[in-house]
Amino acid sequence: GGDLLNDMIADAKPIVPSTLVPFSAIPERTRQYVSSGWSGLDPHLKIARPELMVITGPPGDGKSQIALALGANLARMHDWRGAILQFEDDVERHRLDLMRYWLHHNGGGDPRQASPERKAAAAAWMDKHFLTISPDEGEDDSVFDLAWLKGRIAEAARLGCGWMLIDPCNEVEHLWGKGLTENQYLNDALREIRRLGRRHRIVIIIVTHPDKASGRERDIDEWSLYAVSGGQTWNNKADHGIVLLRPDKKIGNNDCFFKISKSRQHAHMGHPGTAIMRYVPLAGTFEFIDIVKPKS
């Protein structure tokens, strides 16, 4: 009745108190840690909502490809809808990759030879699980800055997304505030992005390029999020830090290193480590090959 409801309202406590309180005053939030879709990576990579994942590596080594494959795994295995913000790719390539992915997991086959019924089924799966935007600065006067990005994160959450891919973050126009250094701006921006991710309980995956000097680092052991300009800030803010490196770019060699260089909670999110992954073009995804043993 009304009296009981009034008592409940009067005794209500904030979910996130701004004063010192006992632990019992803060409601427990259970987090589900799920597989990335590559079971061989499970000891090193478990994903939970919310989190901030940062992926880096040399240009052309497959960062965008593996980020999209990870999103497809989350959609197929965990029914998580996702939003894709791409700035250096085109929608048609992603459409074809997701078509190949669906066909691979539903009987196989080449999209060029698939029946209209199978193509329609793949398209329906894509429409259910993926939203995208392909901003073109040449077509309108939009400013793709931090405020625009925050708006898209909130929009994705309203539309039921459990993850968002920002690829690459370098293309978002960084309008530094007066008196701020690059690191100060980056720290504030990543804090805002993490805060929004936590508020809306979504996984935010950011693909970012390394700085120019890091292009000379060819040994996977030398790579980490510190290879990105402002690396200490990236490393501090990320829940997962991942490096993708394909040292041998010969045609036909699609093996690469997939290094989990940062994991915030080893007991739940996995221990840092390096795996060998192989890109399978006709499947639109990667397959796990092996874990690289640490050097003694």
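How are H5 and H6 oriented to each other? In this predicted model, for which residues are numbered from 1 along each chain as its sequence is written, local features need pLDDT of at least 70 and side-chain atom pairs count only at pLDDT 80 or more, while totals for chains, interfaces and linings use all residues. Side-chain values use heavy atoms, with hydrogens and water left out.

Helices (H or I, at least four residues) and strands (E, at least two) are taken as DSSP runs numbered from the N terminus. The axes of helix H5 (residues 146-158) and helix H6 (residues 182-200) come within 10 Å and cross at roughly 10 degrees, where axes are lines fitted to C-alpha atoms, for helices over the stretch in contact, and angles run from 0 to 180 degrees between N-to-C directions. H5 and H6 are therefore roughly parallel to each other, given that angles under 35 degrees count as roughly parallel, over 145 as roughly antiparallel, 65 to 115 as roughly perpendicular and the rest as oblique. The crossing of H5 and H6 is right-handed, that is, the near helix is turned clockwise from the far one by less than a right angle. Contact (heavy atoms within 4.5 Å) is made by Leu146, Leu149, Lys150, Ile153, Ala154 and Ala157 of H5 with Tyr185, Ala189, Glu192, Ile193, Leu196 and His200 of H6. These contact residues comprise nine nonpolar, one polar and two charged, with Ala, Val, Leu, Ile, Met, Phe, Trp, Tyr, Cys and Pro counted as nonpolar, Asp, Glu, Lys and Arg as charged, and the others, Gly among them, as polar.

On a 1 Å grid over the protein atoms alone, a cavity is a set of points where a 1.4 Å probe fits but cannot get out, whereas a pocket is an open set with protein on both sides within 12 Å along at least five of seven lines, and lining residues have an atom within 4 Å of a point. Grid points are joined across faces, edges and corners, and a volume is the space filled by probe spheres set on the points. One cavity of 30 Å³ or more is found in the whole structure, and the largest cavity holds about 70 Å³. Its lining consists of Leu146, Leu149, Cys169, Val172, His174, Tyr185, Leu186, Ala189, Leu190, Ile193 and Trp234, with the largest share, five residues, coming from H6. By class, the lining of this cavity has 10 nonpolar residues, one polar and no charged.

The largest pocket, with a volume of about 350 Å³, is lined by 19 residues, of which Gly60, Asp61, Gly62, Lys63 and Gln65 lie nearest its centre. Helix H2 (residues 63-78) supplies the largest share of that lining, three residues.

H2 also packs with helix H3 (residues 91-104) at an angle of about 50 degrees, the axes being 11 Å apart. H2 and H3 are therefore oblique to each other, and their crossing is right-handed. Ser64, Gln65, Leu68, Ala69, Ala72, Asn73 and Arg76 in H2 meet Arg93, His94, Asp97, Leu98 and Tyr101 in H3, a contact of five nonpolar, four polar and three charged residues.
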